[in-house]
Amino acid sequence: MLQPLIYDIGSPGRMGVNLPECDVPKVELPAALLRQELALPEVGEVQVVRHFVKLSKLNYSIDQGLYPLGSCTMKYNPKINEDAARLPGFAQLHPLTDESGSQGALFLMRELQKWLGEISGFEAVSLSPAAGAQGEFAGILMIRQYHIDRGEGQRDLILVPNSAHGTNPATVTMAGMHVHELPSDDQGNLDTSALRAACEGELRDRIAGMMITVPSTLGLFETTIREVIATVHEAGGLMYMDGANMNALMAAVKPGALGFDVMHYNLHKTFSTPHGGGGPGSGAVGVNEKLAPYLPGPIVEIVEGGDLPRPTPSPGPFPSELGKGSPPTISPPSLLGGDTGGGETTEPPLYGFVMPEKSIGRMKAFHGNFGMHLRAYAYIRVYGDSGIRDVTRFAVLNANYLRAKLMETYIVPYPRYCGHEFVLEGHFEDADDIHALDISKRLMDYGFHPPTNYFPLIVPEALLIEPTETETKADLDEFVEAMESIAEEARRDPELLRKAPLTAPVRRLDEVRAAKELVLCCAPALPR
Amino acid sequence: MSYIPHTAIETEDMLAEIGVESIEELFEAVPATHRFPQLDLPPPMSEMEVAAEMLAISEANDHAQDFAIFRGAGAYHHFIPSVVNHMLLRGEFYTAYTPYQPEISQGTLQATYEYQSMMCALTGMDAANASHYDGATGLAEAVTVALEVARHKRKKVILSHAIHPQYREVVRTYHQGRDIRIIGDRGRGEIVDLMEMLDDNTAMLAVQYPNFFGQIDDLAALADAVHDAGALLVMVANPMALSIFKSPGELGADIVVGEGQPMGVPLGYGGPYLGYFAIRQKYVRRIAGRIIGETRDADGKRAFVMTLRPREQDIKRERATSNICTNQGLMALSASVYMALMGKNGLRQVGELNYYKAHYAANEISRLDGYSVDMSKPFFNEFVVACPRPVVEINEALLREGIIGGYDLGPHYFHLTDRMLLCVTEMNGVEEIDRLVEILRGLA
């Protein structure tokens, strides 16, 4: 046992908080409606702190080292963004505050909508989806409604390559539509002959659209992407881009300009918001003019007054007169606003929420994961126009460097430069019965988080590696050394890999037992 | 270069290793006509400038540190012990991802297992998942589970009008592609009216507890009626109210969902929040999202792992019932630390404080000329006040006095014009409540 359960370290009567006395007259509680039992732990503050600190130490995290989990973009999460998120004006802002009292938040959301639209080449953006998968869902619902409104409700098929993230086909089903899977060719590209067969054959009138990841889940840019887009458009379908891999595209290409109709962004991947041990994410969606009326709402628009000119020099467009009467405690020069430089003072516009005309509806209560919006805002602000392109450039450099180094020891299936990630095969001809899983587990003993394994499904023993731009050459070199050393161990002492990890807090787990016995809740908490 | 550590020399070395002259060459697969567009974004900023800008933007909002707040309606201003934030800020938690590799993720896994356990204790259910996006999407996912349990042979879903209006909107968004009927919420039906809608085509009936108006409905006969019709009873419960009121399990619920924000998650302009989802054992294999289970490692040591994985989208793909992947893990950790700190006695005390203060405020307001408070049913920390003039006018006057008033029900409920939903929590001191009452008196 590593750390006892929180239920096992308490004592009856102990409490971890100290609450104020009741300062109003007490009324009688409605006895018939009250519960008798409340099986929560009874633990003191110090015990709680120690418990969670000890638990935290059993985790691997980005703050500790390279986390090359392909398709998840585990880049450094800037600390300043955490400070910003905890400012009272954000953290203690009620979501149903009148718009006049939340102009700061609305301003920020609108700026982020504009910036995301600019980065991807889309007309309009909604920040409301809570995660990438929800962004996908919104996108497919929009495509569905678009066809229905045009009297083509029979279009119920979404083309999905066999290399797709599992969320893609699952999304299609959730939206009440059907998946038509397409194969990939030996170069890792989509098989365009299969695509043409689908789009030009008897299914043509049923094609609602296609979901595709760019660069693909193999980390490869589809060389035929424009042809793919044209083929689907000609069949009357719309193109959805899974933006999970946007870290490879910023200022390299705009998906909207390539012809995509809709995509989602993962603010927790590309724009550095923390992954939080599984979430929260944030899955904004961008669309072209065809789908703009269908965006999930609400979105932020200027509801009164004109837009401020976009400033090119450093002073931001943020007017100090926004919001409530009390001025900010600090008024940095960049925020004095109002003065556009010509000595004229402009009235600040009024920002407000609107539901797009034919909106597919709300994806969640309130207006998206705002805490992630503000982190993404701060992130884009730090990099700015000249820096954002470097994020992509160095992410791609790091991935290609690792790929070049690891090609000497591992099978790298596609002989092309990669985007921000690449796949290699985690097995050896001369080391029987060593699998991607064994290599992954052994990496833990070398102090690294393993890559994504067994995805994409089309590569045997896949190890999908995404280093991100925030790693130094030295970090990458250490990883290469570990991978080389493991390759050598695989031949010399394969048992070492099969038994790994040896130095992690626990050894390999019995997952069959977990699913069979299904202990999902500890005994003291179960209802009596 | 901000968070990019490369030096020019390192970059040169790396390019040489790859065998290219420049980074641009690595983008040769991108169509040349569309390669390297200019981006119209603001220029870069230093950390100092960004910090100042974020502060200035944040201060252009009316927040709970500067204003007394009497607004709830799905997002609640509660006390959050300092420890919660300190634990959340541990990089080991917030800079990790989904615990795909359990050997080096036992911290997240055990904390999530403890969260599931505490949610079971609170709701009276047998199992809980690791979270949905928020209360509204939790309800939408509960509809999916109910339809699955009925093998899609039952096509009717009954929602009470006293469920949060936005939650009902989200249910309709999620299920717009399905051949089902959502009824019950476009009137003002009481529980007995909802019970009359039950038939053998009904997959589920959902109520909110306390309901959107803060009230505890009489649910005594509901569960039997729903179960007799062969449907599932879904309850949307405020976890803070469960500190003192009977658990949904005791009331016969099959699925309990709701917004976990009241437990340790700040208002944060509506997100990230925490959709909790708890269920009876017999339906557990229908649940969507991550679930953590107990097991043993190769040495027999107790450990935790994501389980029932074959239900999930990355394995089941188009046959999965939900596409959820990333959830609200860090918010589940907040709730876990919060519930551990509060514990059995603390949480009950907070619940009682809410009850006493809300009742004090309701009683005081009900004595004012021109106002009346709906006390027809027991309530927790929210109640409906009929006002002598439009709610907008009252709220404007309150705002001038530094108070964020109640939520205007008129736009959502045609029969509730000039009614505001007031919320009083442990954060509202008696002076604050008295001041609210005095200002309201002046507006009669």
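Modeller: Start with a definition: helices (H or I, at least four residues) and strands (E, at least two) are DSSP runs, numbered from the N terminus. By that count, B:Arg317 is found in the loop between α10 (313-316) and α11 (329-366) of chain B. This is a predicted model, where local features need pLDDT of at least 70, side-chain atom pairs count only at pLDDT 80 or more, and totals for chains, interfaces and linings use all residues. Residues are numbered from 1 along each chain as its sequence is written, with chains lettered from A and ligands numbered from 1 in the order in which they are written.

Biologist: Is B:Arg317 buried or exposed?

Modeller: Count C-beta atoms, placed from the backbone: 20 or more others within 10 Å means buried, 12 or fewer exposed, and in between partly exposed. B:Arg317 has 23 such neighbours inside 10 Å, so it counts as buried. Its phi is positive, about 50°, although it is not a glycine.

Biologist: What is the phi of A:Asp433?

Modeller: Phi there is near 65°, positive in a residue other than glycine. A:Asp433 counts as exposed because it has 10 C-beta neighbours inside 10 Å.

Biologist: Where do side chains point in a regular strand?

Modeller: They alternate between the two faces of the sheet. In β5(A), A:Leu238, A:Tyr240 and A:Asp242 point one way. A:Met239, A:Met241 and A:Gly243 point the other way, and all are buried. Six of the six residues of this strand (238-243) are buried, so the rest of the structure largely encloses it.

Biologist: Which strands pair with β5(A)?

Modeller: Pairing takes at least two DSSP bridges between two strands. Five bridges join β4(A) to β5(A), running parallel. Four join β5(A) to β6(A), also parallel. A:Met241 is the bridge partner of A:Ile212 and stands opposite A:Met263 in β6(A).
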